Amino acid sequence: CEYVDGCEGCQGFLCAKNCKNDSSRVCLEPAVNQFGATLLTECEVTRLEVRGDQVTGVVCRLQNGEIRLRGKVVVLAGNALETPRLLLNSKSAEWPDGLANDSLTVGRNLMRHLIDIWAIKPKTSTVTSPNFKELAFNDFYLSSNEAFGSVQSFGALPPLPVIVAGLRQELKNSDWHWLQPFFFLGKPFLQSAVHHLLDGRVVMASILEDLPYADNHVHPARDSSIAIRYQMRPAERTRVATFRKKLGRILKPFRFSLLKQAENNDRIAHACGTCRMGTDAKTSVVDSKCRAHHVPNLYIVDASFFPSSGGTNPGLTIAANALRVAEEIKKAA
């Protein structure tokens with residue numbers, strides 16, 4: 001974050017100020033403005049065309065028509081949800097189960113970090129800046145021969161109306177949707193309660209590693225959207241409960257509130273693992289260079305390649321791996 005004038009530390013939501021060091025600002029804009037790249041707007045990639053072991057075309061829906069893009073190398077970075085959907089939609093005579101899916105693992109082994117939110121009241125009122133988000137610790141990453149994860153500052157939460165709107169949407173999508181009329185009646189009280197819960201608090205996120213299971217997966221839905229199946233195992237539920245107890249004990253000197261989110265499947269945080277890396281083409285999708293097995297001009301460089309999720313934010317690992325793969329592509333060019 002560049003902390004421009006008026007910066008409010010909008011880590012977890014969009015804002016109009018040009019200070020967040022996200023992929024748009026540090027990658028896409030320089031690529032277009034300085035290095036001659038072209039960004040196609042209102043363009044949706046629908047499938048990849050293959051001849052033999054080579055991707056020969058990227059088929060796109062552009063406004064009301066269809067176009068094909070061609071290149072010697074094709075790089076997928078559509079995140080761990082969209083990338084497997086595209087591959088599974090790219091069936092052909094050579095790839096009847098989806099492109100690069102001879103292992104039948106594309107879309108499988110979906111992982112999402114099991115994240116809880118902790119709102120902690122400091123003993124003094126010295127922490128007033130919403131940009132207070134540089135604190136993290138890994139004391140319990142490995143504890144008693146068991147893997148847990150890390151804890152990091154969450155940064156400034158979205159404005160109160162955005163939080164309340166999100167709660168309303170959750171209610172609308174839940175089995176309790178019939179209570180929506182009462183939501184509007186109680187909205188002023190809800191806003192007051194949320195403000196009281198979060199005002200003057202340092203908000204932390206606990207990030208717990210989950211594990212890859214083949215039946216946790218992503219696949220295309222009939223309406224061209226994504227269908228997601230994710231089920232926590234008893235072992236993960238036990239680890240979540242243990243992690244909460246450990247963090248609760250060390251936070252006892254403070255007033256704090258725990259917002260349990262780990263079991264909430266609407267929180268697909270840090271999705272990864274759906275095109276996993278491996279040396280065996282029978283059990284993985286890409287090799288150690290993130291190149292698809294048996295499709296040498298196709299690379300996958302988003303979070304799909306993770307063979308395990310780890311217990312920390314994957315963003316920097318994704319960026320570092322993309323730089324590493326870029327060097328490999330340059331060598332092969």
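**Notes on a first look at this predicted model**

1. Let's start with L48. Setting aside neighbours within four places in sequence, L48 is in contact with V55, G57, V58, L76, L86, L87, S90, L99 and L298. Contact here means heavy atoms within 4.5 Å. Before going on: this is a predicted model, where local features need pLDDT of at least 70 and side-chain atom pairs count only at pLDDT 80 or more, while totals for chains, interfaces and linings use all residues. Residues are numbered from 1 along each chain as its sequence is written, and side-chain values use heavy atoms, with hydrogens and water left out.

2. Now the overall picture. The protein chain has 333 residues, of which 38% count as buried. Buried means under 20% relative accessible area, exposed means over 50%, and partly exposed lies in between (1.4 Å probe, protein chains only). The secondary structure comes to 6 helices and 14 strands; these are DSSP runs numbered from the N terminus, helices being H or I with at least four residues and strands E with at least two. Take the contacts between residues at least 6 apart in sequence: 67% of them join residues at least 24 apart. The accessible surface is about 18900 Å², and carbon and sulfur atoms hold 55% of that (Shrake-Rupley method with a 1.4 Å probe; for residues, only the protein chains shown count as cover).

3. Which residues have the most contacts inside the largest nonpolar core? They are L48, L87, L99 and L298, in a core of 51 residues. Two or more core residues come from each of β1, β2, β4 (74-76), α2 (79-88), β5 (114-121), β10 (202-208), α5 (234-250) and β14 (298-300). The largest share, 5 residues, is given by α2. Another core, of 5 residues, lies apart from this one, and I115, I117, V203 and I207 are among its members. For the record, a nonpolar core is a set of buried Ala, Val, Leu, Ile, Met, Phe, Trp, Tyr and Cys residues joined through side-chain atoms within 4.5 Å. In soluble globular proteins, nonpolar side chains tend to be buried together.

4. The buried ones are A80, L81, T83, P84, R85, L86, L87 and L88. What do they pack against? The buried residues of α2 pack against β1, β4, β11, β12 and β14.

5. Strands pair if DSSP finds at least two bridges between them.

6. A second open sheet has 5 strands in the order β6-β9-β10-β5-β13, with antiparallel pairing. Its edge strands, β6 (136-137) and β13 (255-259), each pair on one side only. Inside it, β5 and β10 run antiparallel and are joined by 7 bridges.

7. β11 (residues 217-220) and β12 (residues 226-229) pair in the antiparallel sense over 4 bridges. There are 5 residues between the two strands, and S224 in the turn has a positive phi of about 70 degrees. The bridge partner of H219 is A227 in β12.

8. Is A100 buried or exposed? With a relative accessible area of 1%, A100 is buried, although its place is in the loop between α2 and β5. Not counting residues up to four places away in sequence, A100 touches W95, V106, V285 and A292.

9. Last, the cysteines. How many disulfides are there? The count is 0, taking a disulfide as a pair of cysteine sulfur atoms within 2.5 Å. C43 is in no disulfide, and the nearest cysteine sulfur, that of C60, is 4.0 Å away. C43 is partly exposed at 27% relative accessible area, and C27 is partly exposed as well, at 45%.
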